[in-house]
Amino acid sequence: MKPGRLRVYIGAATGVGATYAMLDEALRRKSRGTRITIGWVDTSSSANTLELLEKVTESQVCPATLDVESIRTQRPDVVLVDDLGRNNGQAFHWVLVEELLKSGIDVIATLNMQHIASLSEPVTKILGAQPGGRVPDDFLSRASQIEIVDITPEAIQRRLAHGNVFPSNEQNPKDLEIFNSDSFAQLRLLMIQWMNSHLINQDKKSAATRDIIVVAIGEGEQSLQLLRRAARIAHKSNNQLIGLHII
């Protein structure tokens, strides 16, 4: 069975808009006829996010836990899973997402970058506390697409003032404190650095698995035509071309 594809939206902190971005992508796919199922979405989000959730599912009620067997029975095209670093009670979300992917089901997910395993040490230094869940970098390297959801401190302050990050009646001072400190800027920078490293590693893996096209050429116009044809094939397939001059 062909494994499902994973798309991940990463944010520097809770409330930057990763959940909204995931739901917006789901709504776009739904408009094209894709069957969407909610695995788990944080319903303590802002009113704007909940309105978008209702457009996707026609309800603001989501499953209390990520139920892999129930989702397999439904056989959707795509499953939405918020917070890959969350502990489901029995397993972390990323572990359960792996099972869904093995079942051939596509997953769109979100991740707080503080839960990326390789960033545990620098994040602990920035925040003064060790992150709870850890999502392995190897798991993320298998994602077909990773997108950063970024927002400036000034923009998020405006969103906070209008209640577009957390519901006003549920705002936790500890949740808001990070946006008023240098820590948020440091986390954003760390996230961008990690993404840059991730892209470099992906390019290296692609190069390591890239095919090599070898063409033997001699003298004359026919060899030049063969070389041009091989060059076009190599360019289209993003493969390496080696020419051997036969004397």
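Helix α1 meets helix α2 through T19, Y20, L23, D24, A26, L27 and K30. On the α2 side, the partners are N48, T49, L52, L53, K55, V56 and T57. By class, this contact has seven nonpolar, four polar and three charged residues. The model is predicted.

**How the two helices pack**

- Two packed helices are described by the angle between their axes and the distance between the axes.
- Helix α1 covers residues 18-30, and helix α2 covers residues 47-57.
- Their axes lie 9 Å apart, at an angle of about 25 degrees.
- Angles under 35 degrees count as roughly parallel, so α1 is roughly parallel to α2.
- The crossing of α1 and α2 is left-handed.

**A loop residue, T14**

- T14 sits in the loop between β1 (6-11) and α1.
- Is T14 buried, partly exposed or exposed? T14 has a relative accessible area of 47%, so it is partly exposed.
- T14 and D83 are 69 residues apart along the chain. Their C-alpha atoms are separated by 9.4 Å.

**The whole chain**

- The protein chain has 10 helices and seven strands.
- The chain holds 247 residues, and 43% of them count as buried.
- The chain exposes about 13,900 Å². Carbon and sulfur atoms supply 50% of that area.
- Consider contacts between residues at least 6 apart in sequence: 74% of these join residues at least 24 apart.

Technical notes:
Residues numbered from 1 in each chain as written. Predicted model: local features only at pLDDT ≥ 70, side-chain atom pairs only at ≥ 80, totals over all residues. Heavy atoms only, no water. Helix = DSSP H or I, 4+ residues; strand = E, 2+ residues; numbered from the N terminus. Buried < 20%, exposed > 50% of the residue type's maximum accessible area, 1.4 Å probe, protein only. Contact = heavy atoms within 4.5 Å. Areas by Shrake-Rupley, 256 points an atom, 1.4 Å probe, with all protein chains shown as cover. Axes fitted to C-alpha atoms, helices over the stretch in contact; angles between N-to-C directions. Parallel < 35°, antiparallel > 145°, perpendicular 65-115°, else oblique. Left-handed = near helix turned anticlockwise from the far one by under 90°. Nonpolar A, V, L, I, M, F, W, Y, C, P; charged D, E, K, R; others polar.
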